[in-house]
Amino acid sequence: MAAFESGVPFTLVTPAGTSTFNGSGDGLYIDDISANRDIRAPVEPVPQRSGGIIHPSFKGPTFITVTARIQAEAGFSTRRSTMDTLRGNLDSLVKPTAAQLVSSCRLRWVPSGANERMYDAVRLYDMAPPETWNGIIKRLQFTLSCPYPYALDLAQTTTNIPTAGTTTIVNDGNTPMWPVLKMNGGTGTITNTTSGEGIELSGGTVASYAEIDCFQETVFADGSGANLQGKVVQAASSFFALAPGNNVMDAATVSTDVLFQAAWV
């Protein structure tokens with residue numbers, strides 16, 4: 001399952017630097033690229049009779065495998081320098097810090113006729129031994145892991161849902177995307193009326209806002225402050241996704257900012 005084409009330029013952003021593929025002249029060129037994810041679909045036989053129990057399915061993380069070649073008409077020095085830089089950049093993706101994962105671990109590209117997309121928070125998952133000819137590296141292959149089961153538009157949109165008001169949010173992608181919510185004042189209810197799911201926080205306000213990460217299923221004051229999981233009303237809450245297309249959001253008691261991007265498989 002792929003979300004991109006191999007001929008367009010790609011940029012690998014890492015803590016150690018940037019590697020560009022499919023540029024012009026000497027450099028790195030992608031021969032093949034694929035993105036795959038598992039579907040966890042547990043099925044159990046029904047005890048003592050025919051048939052089975054089909055449990056809900058879930059999408060796993062994404063693994064992006066890149067097969068590339070090196071063009072170095074300028075000579076061996078260019079080839080060595082290109083490989084040294086790429087290896088160093090990939091090595092920095094082995095154990096990036098939490099802060100680096102937020103902004104410096106991305107595979108970016110612009111599909112034909114579309115907005116720029118990315119796989120975010122990527123790590124190095126595997127690197128195969130390079131193919132050589134007479135001791136010269138010709139081709140190489142590496143695999144990146146992404147915690148999300150989708151690619152995202154690079155540009156993020158923030159939409160405010162006013163108190164006691166509804167606003168339609170549009171996920172222009174082709175798969176559900178889990179947004180980040182900033183509940184101003186810290187407690188209240190935000191509902192995706194399209195899916196019938198919502199999140200309710202109670203028990204007093206916080207300094208500025210409660211940041212709800214629907215993918216990570218975390219709630220923190222002001223994004224990085226106190227853990228507010230204890231304020232989640234479990235019986236009335238579900239960390240929801242934005243379905244492709246229109247999602248009508250209702251902030252019943254407190255204004256909420258919804259941060260989201262179009263998501264793609």
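**Pockets, a sheet and salt bridges**

Reply: Helix α2 gives the most to the lining of the largest pocket, with 3 residues. This is a predicted model, in which local features need pLDDT of at least 70 and side-chain atom pairs count only at pLDDT 80 or more, while totals for chains, interfaces and linings use all residues. Residues are numbered from 1 along each chain as its sequence is written, and side-chain values use heavy atoms, with hydrogens and water left out.

Me: What makes a space a pocket, and what makes a residue part of the lining?

Reply: The search runs on a 1 Å grid over the protein atoms alone. A pocket is an open set of points with protein on both sides within 12 Å along at least five of seven lines. A cavity is a set of points where a 1.4 Å probe fits but cannot get out. Lining residues have an atom within 4 Å of a point.

Me: How much space lies in the largest pocket, and which residues are closest to its centre?

Reply: About 750 Å³ lies there. That volume is the space filled by probe spheres set on the grid points, which are joined across faces, edges and corners. Of its 26 lining residues, V102, D120, Y148, V180 and D213 are the closest to the centre. The elements that give two or more residues are α2 (98-103), β17 (209-213) and β18 (218-221). Helices here are DSSP runs of H or I with at least four residues, strands are runs of E with at least two, and both are numbered from the N terminus.

Me: What is the lining of the largest pocket by class?

Reply: The count is 16 nonpolar, 5 polar and 5 charged residues. Ala, Val, Leu, Ile, Met, Phe, Trp, Tyr, Cys and Pro count as nonpolar, Asp, Glu, Lys and Arg as charged, and the others, Gly among them, as polar.

Me: Which residues lie nearest the centre of the second largest pocket?

Reply: They are F58, K59, P149, W178 and F215, out of 13 lining residues. The volume is about 290 Å³. Strand β6 (residues 58-71) gives the most to this lining, with 4 residues. By class, the second largest pocket has 8 nonpolar, 2 polar and 3 charged lining residues.

Me: Why is strand β20 called largely enclosed?

Reply: Buried means under 20% relative accessible area, exposed means over 50%, and partly exposed is in between (1.4 Å probe, protein chains only). In β20 (residues 256-260), 5 of the 5 residues are buried, so the rest of the structure largely encloses this strand. T256, V258 and F260 point one way, D257 and L259 the other, and all are buried. In a regular strand, side chains alternate between the two faces of the sheet.

Me: How do you know that β20 pairs with β12 and β14?

Reply: Two strands pair if DSSP finds at least two bridges between them. Strand β12 (residues 157-161) has 5 bridges to β20, and the two run antiparallel. Strand β14 (residues 180-184) has 4 bridges to β20, also antiparallel. Both counts meet the definition. Opposite F260 stands T157, and opposite V258 stands T159. V258 is also the bridge partner of L181.

Me: What makes β12 and β18 edge strands?

Reply: The open sheet has 5 strands in the order β12-β20-β14-β17-β18, with antiparallel pairing. β12 and β18 each pair on one side only.

Me: Why is the contact of R80 with D84 called a salt bridge?

Reply: A salt bridge needs a side-chain nitrogen of Lys or Arg within 4 Å of a carboxyl oxygen of Asp or Glu. For R80 and D84 the N to O distance is 2.8 Å, so the pair qualifies. Both sit in helix α1 (residues 76-91), 4 residues apart, and are therefore separated by about one helical turn. R80, at 47% relative accessibility, counts as partly exposed. D84 is partly exposed too, at 39%.

Me: Which other residues form salt bridges?

Reply: The whole structure has 6 salt bridges. Among them, E116 and R108 meet at 3.0 Å, N to O. E116 is partly exposed at 24%, and R108 is partly exposed at 26%. R139 and E131 form another, with the closest N and O atoms 3.2 Å apart. Salt bridges that share partners join D31, R69, E131 and R139 into one network.
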